[in-house]
Amino acid sequence: LSPDGSTLAVGDGDGTVRLFDTATRELIGEHKAPGPVWTLAFNPKGDTLALAASVPPEVFKGRVQILDRAGRLRDSIPLGRHPLASGPGLRYSPAVAHAPGGRLIVAYSGADDPAVPVFVRRFDPTSGAPLGKAVRVAPRATDIPPRPTPDGRLLVTTDRATYAVDTRTLGVVRRYPVGALSTGVSGDGS
């Protein structure tokens, strides 16, 4: 949902992204991503939408695409393979979020192997350039991609424990001694 609540974006496993006007419920845009869409994230202004998708058929690589509010492609950022992969064979599902200051945060987590560690990396949303190296933040991943807090300051991921990652430093700021299949964070992030 866009920050002002006027646009709803929906992504499917076949790579289709649809944008709807929430007042009229009319389709206002459509885009075909390169593969299954794992996460969608409007930027803080609400004028662009980032999506994270796997690249089929093997799902060994990922891609982030930036769309305008009509669903038109503005930029496409190749993510390559999971940071632990030296070649094909490590499937993963990418997740994307916006951090304060407009930077993109991408999380790499296992698509079908929960033993694959979660890594996080920052990207410049304008140039698509990586900002620093990928940082390992959790030893394992669940099937659910990491989730940003509403203010974008933290990214929450879970396995046998739950981790809150600072999107500015990529350091784990909190570890909760309980794992989960999914997480939810209150609107104020508390």
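1. In the hairpin of β2 and β3, R25 takes a positive phi near 65°. Five residues lie between the two strands of this hairpin. Strands here are DSSP runs of E with at least two residues, numbered from the N terminus.

2. The model is predicted: local features need pLDDT of at least 70, side-chain atom pairs count only at pLDDT 80 or more, and totals for chains, interfaces and linings use all residues. Residues are numbered from 1 along each chain as its sequence is written, and side-chain values use heavy atoms, with hydrogens and water left out.

3. Strands β2 (residues 16-21) and β3 (residues 27-32) run antiparallel and are joined by five bridges; two strands pair if DSSP finds at least two bridges between them. R18 has E30 in β3 as its bridge partner.

4. L8 sits in strand β1 (residues 7-11). Its relative accessible area is 35%, so L8 is partly exposed, a class between buried (under 20%) and exposed (over 50%), with a 1.4 Å probe and protein chains only.

5. The largest pocket has a volume of about 510 Å³. Its lining has 23 residues, and the closest to the pocket centre are L1, A41, F42, P148 and P150. A pocket is an open set of points on a 1 Å grid over the protein atoms alone, where a 1.4 Å probe fits, with protein on both sides within 12 Å along at least five of seven lines; lining residues have an atom within 4 Å of a point. The volume is the space filled by probe spheres set on the points, which are joined across faces, edges and corners.

6. Strand β4 gives the largest share of that lining, four residues.
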